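Biologist: I am new to this one. Please show it to me, and then let me ask how you know what you say.

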Amino acid sequence: MVTAEDIVGVLEGRKWKAEIVEQSSVPALIRTSPQGLMKCVDGRPSDLSGMDGPKSLGGVYAIATNRGVTDLDGLKKIVEEVKGKGHIPSVHGDEHAHPAPMGCGFFKLWSQGKLEGIPPPKFNSEEGKAAVIEAGGVYECLKGSHEEKVVYINLVPGTTLAPNGDDQAFVVDAWVAGTFDLDIPKYLVAAASTVEQLGGPLSAKLIVPSPALTPDDVVGVLKGRGWEAETVKQSEVSIMIPVSGEGLLKCVDGRASDLSGMDGPKSLGGVYAIATNRGVTDLDGLKAIVKEVKELGHIPSCHGDEHAHPAPMGCGFFKLWSLGKLDGIPPPKFDSEEGKAAIIEAGGVYEQLKGSHEEKVVYINFVPDTTIAPNGDDQAFVVDAWITGKFNLDVPKYLIAAASTVEQLKGPLKAKLIVPN
């Protein structure tokens, strides 16, 4: 088994600078989604959305080169395989190359036989592009020039970094080697060789999983932020109830609602919790999350209140998100009314909360499939932390966003972490 330390050693032997960092120290790391492209490691901005998919050398060409596939029929089968594993297959070009698909530096090196031990393809860039599209993949055109400053080699399964045109980086999601049963040393050597031959930065950060957070860890973090925090057994919290299929996935807000269905899980801003955790900022991505929530057995929702203008800005979490006040989380490209409309259009609901905030405590609930219903006469914030597992969310990022939200909204810095008996 190849370890992160092994990779550092190999890179340093090739005159690179390389270091290992934990995922918790990389706030831009996001979860992949089925709407994301399996796209090239190239750091330039794209003309397409779906940047929350895994990054591999040349998109689907990474798999072909690793397996020695050189014909169009084999390439089409790989496209079908990528689709079957929940990603949108892609290849790319850029606005400078002629023909445009030769703007993929990895394909160019492959086609010229410059990748050691990898036979070149029997097709050209335009034929490859056409075959990928015919088999159900997509083609993206990248913009601008290469200005990558670092190479991220990501070993955290199910995560990636979205390209940022203002702070470019090569992103090699090395965990895809396991998903597609690839030769890991061959894959990583090809990645290093590609960066070297393209004159890229010989500086790498290897992202590894952070140790799993325990409730005691969370207590420690909260106390470090000036909170009072303690763990309690579920049997000590008499107001806990099981979730049901008629329950809303709704905001953690403790105020009373104009809707029923309070036996659904509580998350930051309802469905907005999932969007912020995954780096989804567009309406199409938001609608896809609404459908995902429905498929997993909950009623998707967002909310406003009777005080705000417009009313959907009554969700304090959305307000902080839209103002860019959540560290490491990019703001949405839509306003509160557009978000509300998109959620309703995709099959979710909108609730109007009543009264003023009078929450006295924050419940952070680790007991799966349970929750606490809002009580207008005895308000509490309820953060059902177990949903991070159900929706494959980044747990530290989710809980830090929750703590930051309560702090910025001047809520009670007092938490009870509910754990199973």
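Biologist: Leaving aside neighbours within four places in sequence, which residues is Ile-153 in contact with?

Modeller: Ile-153 is in contact with Ile-7, Leu-11, Val-172, Ala-174, Leu-188, Ala-204, Lys-205, Leu-206 and Ile-207. Contact means heavy atoms within 4.5 Å. A word on the source: this is a predicted model, where local features need pLDDT of at least 70, side-chain atom pairs count only at pLDDT 80 or more, and totals for chains, interfaces and linings use all residues. Residues are numbered from 1 along each chain as its sequence is written, and side-chain values use heavy atoms, with hydrogens and water left out.

Biologist: Which residues have the most contacts inside the largest nonpolar core?

Modeller: Leu-11, Ile-153 and Leu-206 do, in a core of 52 residues. A nonpolar core is a set of buried Ala, Val, Leu, Ile, Met, Phe, Trp, Tyr and Cys residues joined through side-chain atoms within 4.5 Å. H7 gives the most to this core, with 6 residues. A second, separate core has 51 residues, among them Leu-268 and Ile-329.

Biologist: What are the buried residues of helix H1?

Modeller: In H1, residues 4-13, they are Ala-4, Ile-7, Val-8 and Leu-11. Buried means under 20% relative accessible area, exposed over 50%, partly exposed in between (1.4 Å probe, protein chains only). Helices (H or I, at least four residues) and strands (E, at least two) are DSSP runs, numbered from the N terminus.

Biologist: What covers the buried residues of H1?

Modeller: The cover includes strand S1 (17-22), strand S7 (151-154), helix H7 (184-197) and strand S10 (203-208).

Biologist: Why is Ser-56 called buried?

Modeller: Its relative accessibility is 0%, so Ser-56 counts as buried. Ser-56 is found in strand S4, residues 55-56. Beyond residues up to four places away in sequence, Ser-56 touches Met-38, Lys-39, Cys-40, Val-41, Ala-62, Val-176 and Tyr-187.

Biologist: Why is Cys-141 called partly exposed?

Modeller: Cys-141 has 22% relative accessibility, so it counts as partly exposed.

Biologist: How do you know that Cys-315 is in no disulfide?

Modeller: A disulfide is a pair of cysteine sulfur atoms within 2.5 Å. For Cys-315, the nearest cysteine sulfur, that of Cys-251, is 4.4 Å away. Cys-315 is buried, at a relative accessible area of 0%. A search of the whole structure finds 0 disulfides.

Biologist: What makes S14 and S15 edge strands?

Modeller: The open sheet has 5 strands in the order S14-S17-S16-S13-S15, with mixed pairing. Strands S14 (256-257) and S15 (266-267) each have a single partner strand, so one side of each is left without a neighbour in the sheet. Two strands pair if DSSP finds at least two bridges between them. S13 (residues 248-251) and S15 are joined by 2 bridges and run parallel.

Biologist: How do you know that both faces of strand S18 are covered?

Modeller: In S18, residues 362-365, Val-362 and Ile-364 on one side and Tyr-363 and Asn-365 on the other are all buried. S18 pairs with strand S20 (residues 381-384) in the parallel sense over 4 bridges.
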